[in-house]
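Please consider the chain shown below and follow the explanation with the structure in view.

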Amino acid sequence: MKKIEAIIRKTKFEDVKRALLSSDIDWFEYHDVHGIGQSRQERIYRGVQYSTDVIERVALTIVCRDVLLDPTIQVILRVAHTGEIGDGRIFVSDVINTYSIRTGESGDTVLKDKK
């Protein structure tokens, strides 16, 4: 099993969400995050000066079976891409095990709800 953590633009979140749900990914977690990027500029908008170094993004966390890793990454890469600086990052790590709190089962079979 793998854990995918993707940091994407807020403007791309709904598109990525729809694309993931229409693929074989039926569950993921997301939350708003703030980060510090490489661009450090001061800008003025309507007379108010603000810094562009704090970037608002959405972080997605997906745990999936190994066979779904590449297709899931490809969906995120394709849909979240704008070609501009700040499109985001994808991080992949190994998951040793997973457990269903409701049933007590373990392993990758708990990733698909049996209803």
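A residue is called buried if its relative accessible area is under 20%, exposed if that area is over 50%, and partly exposed in between. The model is a predicted one, and the terms just given can be applied directly to it. Tyr 30 has a relative accessible area of 47%, so Tyr 30 is partly exposed. Phe 13, at 8%, is buried, and Phe 28, at 13%, is buried as well.

Consider next the chain as a whole. The chain contains 2 helices and 6 strands, and from the N terminus on these elements follow one another in the order β-α-β-β-β-β-α-β. Of the 115 residues in the chain, 31% are buried. The accessible surface of the chain amounts to about 8,200 Å², and carbon and sulfur atoms account for 51% of this area. Contacts may also be sorted by separation in sequence: among those between residues at least 6 apart, 68% join residues at least 24 apart.

The sheet comes next. Strands of a sheet pair through backbone hydrogen bonds, and the pairing may be parallel or antiparallel. Here 4 strands form an open sheet in the order β2-β5-β1-β6, with antiparallel pairing. Strands β2 and β6 are the edge strands, since each of them pairs on one side only. From one strand to the next, the twist averages 25°.

Helix α2, residues 69-80, lies across β1, β5 and β6 and runs at about 0° to β1.

Which residues are linked into a cluster by ring pairs? They are Phe 13, Phe 28 and Tyr 30. Two rings are counted as a pair if their centres lie within 6.5 Å, and by this rule there are 2 aromatic pairs. Phe 13 and Tyr 30 form a tilted pair, with 4.5 Å from centre to centre and 40° between the planes. Phe 13 belongs to helix α1 (residues 13-22) and Tyr 30 to strand β2 (residues 29-36), so this pair ties together parts that are 17 residues apart in sequence. The rings of Phe 28 and Tyr 30 have centres 6.4 Å apart and planes at 50°, and therefore this pair is tilted.

Is Ser 100 buried or exposed? Its relative accessibility is 19%, so Ser 100 counts as buried. When neighbours within four places in sequence are left aside, Ser 100 is in contact with Glu 105 and Val 110.

Technical notes:
Residues are numbered from 1 along each chain as its sequence is written. This is a predicted model: local features need pLDDT of at least 70, side-chain atom pairs count only at pLDDT 80 or more; totals for chains, interfaces and linings use all residues. Side-chain values use heavy atoms; hydrogens and water are left out. Rings of Phe, Tyr and Trp (its six-membered ring) pair if their centres lie within 6.5 Å; planes under 30 degrees apart count as stacked, over 60 as edge-to-face and the rest as tilted. Buried means under 20% relative accessible area, exposed over 50%, partly exposed in between (1.4 Å probe, protein chains only). Contact means heavy atoms within 4.5 Å. Two strands pair if DSSP finds at least two bridges between them. Axes are lines fitted to C-alpha atoms, for helices over the stretch in contact, and angles run from 0 to 180 degrees between N-to-C directions. Accessible areas come from the Shrake-Rupley method with a 1.4 Å probe; for residues, only the protein chains shown count as cover.
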